[in-house]
Amino acid sequence: MSAYEISRMLYSLREPANREACRTNPESYYRRFTEDEAEIRMLLQPNWQGLVDAGVSIYLLTKLAATLNVDLLEVGASMRGMKHEAFLQLLKEQAERNQQYAILLE
Amino acid sequence: MGHVVAGIGCSHAPSIAHAYDHRLTEEAPWKPLFTAFARAHQWLQQQKPDVLIVIYNDHVDQYFFDAWPTFTIGVAGEYEIADEGWGQRNFPVIPGHRIFAQHLATRMVDDGFDLTASQRMILDHGFLSPMPLLNQDWVVPIIPMTINVVQPPLPTPKRCWALGETLGRAVTSFSENLRVVIVGTGGLSHQLTGTAFGTVYPEWDRKFLQLLEEAPHELTTYSMADFACLGGDHSIEVVQWIAMRAALPMTAKMELKFYYPYGLMGYGIMGFRAE
């Protein structure tokens, strides 16, 4: 298991042609970089927090999310083990609670 | 000679770029942030900068784990726009200031600070989310610098302070008259992994801004682990603000302060004037 190979694959997604290849056939794209079945499974799900626990940077996972057209807030809900709507509600309540700390400029 | 006339600390985030590109800047949740950036833009114009030195961090768009430089300075004549996965944002190439950058690089190494010079740098949202708001149409040439906050071992906040101090001296040693503004981007609190994903820590953010204003050197007694604990793992980007503040005279006066906790993070802007 190596975060390095996954990271190399995710780094390649800076190129539009690679994103297209990844979207067209994700599994074969992932297999160009790793043959580890556990890694391939995590990528196909995708198991966002599992990938973080394996040592992959969130700054690379955002490239996979962009490729698959997954919103960062969906990634966050998945990492928290929450439904998307429940996470949005949590953020809304947090923002309301935290407004007392704001220093605004006109 | 070169003069450090002012400094700005501000947040960077894909959300800022997204709201700007999708014209959400006048909509309720984003308006306070973009109003504050507009104020910061006006204030920056009043400082009449000839060049902006922008200290930010790369997010695996320029650098990779094969070798991640701790500190870099761009010495190119111009800089490209990154494609972080959403496509390249629609901006022209960004003009640099090669001669001044080469002077800074040489001078800082001579002064005992071994940083890496980059002849080609692709700038990601660490630079590109706030800078179109502060430096519209790229009217002022820029010099990008990076601090590694991604691949361990990370530099200490104390070392990031030393980077700023050395940079300040290097600016002063330039022979031409140049008005220089230092920008540090990153933070404030945010956590982008795990069960605390999205948690914002406004009390710590306010304390950080207060320390930067009143007792900036005290921030060098914190470790990266302290910052991660207080403001979330990804808030360690605040070392860029610390380097900015250290490049300014200690007598610099705070003239601009904004804080807005919203969504996944605490957004902040601070401006200091040196003269």
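The radius of gyration used here is taken over C-alpha atoms, and the globule rule is 2.2 Å times the number of residues to the power 0.38. This is a predicted model, where local features need pLDDT of at least 70, side-chain atom pairs count only at pLDDT 80 or more, and totals for chains, interfaces and linings use all residues. Residues are numbered from 1 along each chain as its sequence is written, while chains are lettered from A and ligands numbered from 1 in the order in which they are written.

**View 1. Here is chain B as a whole, with its nine helices and eleven strands.** Helices (H or I, at least four residues) and strands (E, at least two) are DSSP runs, numbered from the N terminus. A compact globule of 275 residues would have a radius of gyration near 19 Å, and the 17 Å of chain B agrees with that. Along the principal axes, the C-alpha atoms of chain B fill a box of roughly 50 × 40 × 40 Å. Buried residues make up 55% of the chain; buried means 20 or more other C-beta atoms within 10 Å of a residue's own, exposed means 12 or fewer, and partly exposed is in between, with C-beta atoms placed from the backbone.

**View 2. This one shows where chain A meets chain B: 29 residues of chain A are in contact with 31 residues of chain B.** Contact here means that the C-beta atoms of two residues, placed from the backbone, lie within 7 Å.

View 3. Two strands pair if DSSP finds at least two bridges between them. Strand 10 (residues 253–262) of chain B runs antiparallel to strand 11 over nine bridges, and strand 1 (residues 2–10) of chain B pairs with strand 11 in the antiparallel sense over five bridges. Look for Met270(B) in strand 11: Lys257(B) is a bridge partner of this residue, and Gly9(B) also stands opposite Met270(B). In the hairpin of strands 10 and 11, with two residues between the strands, Gly263(B) takes a positive phi near 60°. Strand 11 is mostly covered, with eight of its nine residues buried.

View 4. Phe272(B) is buried, because 24 other C-beta atoms sit within 10 Å. Leaving out residues up to four places away in sequence, Phe272(B) touches residues including Ala6(B), Gly7(B), Arg245(B) and Leu248(B). Glu213(B) is 59 residues from Phe272(B) in sequence, yet 8.6 Å away in space, C-alpha to C-alpha.

**View 5. Two helices of chain B, helix 6 (residues 157–172) and helix 9 (residues 239–247), pack at an angle of about 35° with their axes 7 Å apart.** The axes are lines fitted to C-alpha atoms, for helices over the stretch in contact, and angles run from 0 to 180 degrees between N-to-C directions. Among the residues making this contact are Trp161(B) and Leu167(B) of helix 6, along with Ile242(B) and Met244(B) of helix 9. The contact is made up of eleven nonpolar, two polar and two charged residues.

Note on methods: Ala, Val, Leu, Ile, Met, Phe, Trp, Tyr, Cys and Pro count as nonpolar, Asp, Glu, Lys and Arg as charged, and the others, Gly among them, as polar.
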